[in-house]
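Let's take a walk through this structure together. Have a look at it first, and then we'll go through it piece by piece.

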Amino acid sequence: MTFGYNGKILRIDLNEEKYSIEQLDEIFYRTYWGGRGFGLYYMLKEMKPGLDPFSGDNLLIFSTSVILGNQAPAMPRYTVCAKSPLTGAQGESEAGGHWGPELKKAGFDAIIVRGIAQKPCYLWIHDGQVEFRDASCLWGKETYQVEQLIKEELGEKKVKICQIGLGGENKVLFANIVNELTHFNGRNGLGAVMGSKRLKAIVVKGTTPINLYNKEMVKEITRNIAQRVMENPLSRALREYGTPATVRGFYESGSLPSFNWTTGYFKNGENLTAEIYNKTILKRRDGCYACPIRCKRVVEVKEETIKVNPVYGGPEYESVVALGSICGIDDLKYVAKANELCNKWGIDTISAGMTIAFAMQCYEAGILTRKDTDGIDLRFGNKEALLLLIEKIVKQEGFGKLLAQGSRVAARKIGRGSEKFLRVVKGQEIAMHDPRVKAGLALQFAFSDYGADHMKAPHDTFFSSKNSPGIKEMSGLGILNPLAPTDLSYRKVALFKILDIYWTIFDILGICHFGYVPRSLGTMDELLSIIRATTGWKTTWYELMKVGERTINMARIFNNREGFTADDDVVPEIFFTNFTEGPLQGKGALNRREFEEAKKLRYALMGWSSEGIPTRGKLIELNLDWLVEDLL
Ligand code: SF4
């Protein structure tokens with residue numbers, strides 16, 4: 001008997017419209033545990049280097065974990081993996097909601113999709129049954145309509161649906177995968193991979209609860225955390241203000257990413273704060289499976305000139321900034337509208353906002369003119385232009401067709417010096433956190449295998465003083481000394497190694513970063529107890545940290561096979577310059593020499609060669625001996 005997982009992986013062959021079920025032993029589950037662990041295992045075993053991300057041989061892998069669906073607090077997430085069309089690297093993205101736990105209850109731990117369907121289709125998976133269904137009449141429809149039509153067709157109101165929108169169908173390189181209209185596998189363009197397979201949606205329903213090793217223990221810890229959670233100021237702020245709570249601090253300190261990162265000083269930043277958000281557009285709060293925090297926002301605007309439909313949720317911090325100050329826009333109603341458009345058509349808000357901001361800067365510099373932009377006046381702050389461009393991108397129309405390929409490709413095609421306005425790492429647009437005030441973000445952006453990421457490790461501020469939650473609660477991992485957020489010394493690199501692995505475990509297992517230390521009050525002991533009580537495995541943090549490290553090495557090998565080198569571990573040039581105005585004027589620039597030293601040390605600490613390639617010894621240590629020949 002297995003505990004925590006089903007022991008079944010569903011294989012879908014879209015070419016043949018066939019499926020099969022694979023059953024693997026406990027050693028597989030205990031080596032890779034779920035999420036990117038499962039995804040990378042299959043990608044490395046079954047995908048040839050250099051394949052076209054839109055070929056049928058690019059595997060699109062939806063994976064849960066050995067603990068998902070156990071009803072413990074804040075553990076709702078599943079992972080989608082594939083080779084990314086945006087970066088050409090290992091692609092992955094995690095999403096919350098209810099879809100992942102429902103897939104587990106439907107009988108499967110993961111779905112591996114291969115091939116390209118003859119015509120648009122969707123998968124209907126319910127209690128171990130699998131059906132291929134025609135999606136021709138859903139193709140081209142908005143995500144809300146698709147939800148309604150599928151529920152009507154199946155006569156089931158409670159199914160959970162993940163799907164692509166028009167962005168994925170049209171292979172916008174930053175198209176996302178949407179579940180329940182408001183949760184996203186947002187980054188890396190995985191929606192475009194799904195679109196290339198003509199797979200419109202995966203619908204799941206299950207009635208079999210996950211078999212837990214010690215149900216009473218899981219219940220007890222859950223009760224305990226749920227009772228305490230609102231004592232935690234971070235969790236209280238998250239419920240009250242959501243992730244946009246972060247806007248005020250950045251705005252007041254002069255580090256709110258603005259005008260394509262040319263400044264951190266956004267004089268109308270007050271208009272984007274969570275307080276104004278709550279007063280003007282917030283309709284209600286929402287949450288994910290078994291989560292007591294409920295940090296999600298639902299917004300509504302009902303004005304004569306602008307309307308925002310609450311079915312598409314509401315913008316998170318990243319979206320507020322990427323569709324707001326990054327484009328020089330200070331009107332939350334337009335930010336909410338832009339967010340709604342991205343959600344109903346299925347594109348990533350960060351890459352969408354950043355690509356448009358890049359074009360705006362090109363326009364302001366005279367590199368682009370109205371002739372290039374289909375007559376659009378693309379100055380920073382033009383909120384109508386933002387909405388228009390999102391539509392053009394999704395529909396691949398005119399100037400939007402260029403931007404639909406992301407800012408890196410757009411810069412290559414535009415030329416004329418536009419490259420200097422790029423803010424990407426490995427081809428992915430960076431998220432809305434400035435490494436000049438949190439130096440660990442430079443390491444996250446540079447060393448993320450799936451392009452710039454801000455969720456690779458907890459941020460510097462959680463480790464900045466002896467009273468910080470990271471210092472008080474994570475000594476069990478050897479984290480004892482506080483470090484200044486702007487520190488980029490060898491100490492920060494060593495701390496980053498631990499934190500990177502720690503959060504990789506969260507990604508693998510589907511744990512939400514907002515539920516446990518250092519971001520909330522669920523402790524490391526409680527986390528370990530939940531994992532043990534779910535699986536029955538007498539695991540330790542040592543074992544879990546090795547699992548995290550294993551997948552980091554697998555990703556590194558995957559990228560290495562795809563031609564990525566140490567030269568791809570970079571941060572955008574803008575961060576080597578000082579802030580130009582506001583409270584931080586004349587300060588902040590990262591020290592280039594320090595960053596280069598950090599890079600060398602990172603490789604050494606990971607047990608990699610000076611070129612950043614995992615060594616034979618490291619792979620053997622991590623039970624990845626089957627990858628040693630990839631080093632040759
Ligand atoms: S904290 Fe927010 S994102 Fe995390 S599981 Fe809860 S509702 Fe979902």
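The axes themselves are lines fitted to C-alpha atoms, for helices over the stretch in contact, and the angles run from 0 to 180 degrees between N-to-C directions. Helices (H or I, at least four residues) and strands (E, at least two) are DSSP runs, numbered from the N terminus.

A quick word on what you're looking at: this is a predicted model, where local features need pLDDT of at least 70 and side-chain atom pairs count only at pLDDT 80 or more, while totals for chains, interfaces and linings use all residues. Residues are numbered from 1 along each chain as its sequence is written, and side-chain values use heavy atoms, with hydrogens and water left out.

Let's start with α22. The axes of α21 and α22 come within 12 Å and cross at roughly 120 degrees, so α21 and α22 are oblique to each other. Here E549, I552, N553 and R556 of α21 meet R602, Y603 and M606 of α22, where contact means heavy atoms within 4.5 Å. Sorted by class, that contact has three nonpolar, one polar and three charged residues. In this sorting, Ala, Val, Leu, Ile, Met, Phe, Trp, Tyr, Cys and Pro count as nonpolar, Asp, Glu, Lys and Arg as charged, and the others, Gly among them, as polar.

Next comes helix α19 (residues 490–509), whose axis comes within 10 Å of that of helix α22 (residues 592–606), with a crossing at roughly 45 degrees. That makes α19 and α22 oblique to each other too. α19 passes α22 in a right-handed crossing; a crossing is right-handed if the near helix is turned clockwise from the far one by less than a right angle, and left-handed if anticlockwise. On the α19 side, Y490, V493, A494, F496, K497 and D500 make the contact, and on the α22 side A598, L601, R602, L605 and M606 do. Those residues split into eight nonpolar, no polar and three charged.

Then there's helix α17 (residues 440–447): its axis and that of α22 come within 11 Å and cross at roughly 60 degrees, which makes α17 oblique to α22. This crossing is right-handed. A442, L443, A446 and F447 of α17 touch F595, A598, K599, R602 and Y603 of α22.

Finally, some local details. The whole structure holds 26 aromatic pairs, meaning rings of Phe, Tyr and Trp (its six-membered ring) with centres within 6.5 Å; planes under 30 degrees apart count as stacked, over 60 as edge-to-face and the rest as tilted. One of them, Y5 with W537, is tilted, at 5.9 Å centre to centre and 50 degrees between the planes. Y5 lies in the segment before β1 (9–13) and W537 in the loop between α20 (524–535) and α21 (541–561), so this pair ties together parts 532 residues apart in sequence.

Conventions. Angles under 35 degrees count as roughly parallel, over 145 as roughly antiparallel, 65 to 115 as roughly perpendicular and the rest as oblique.
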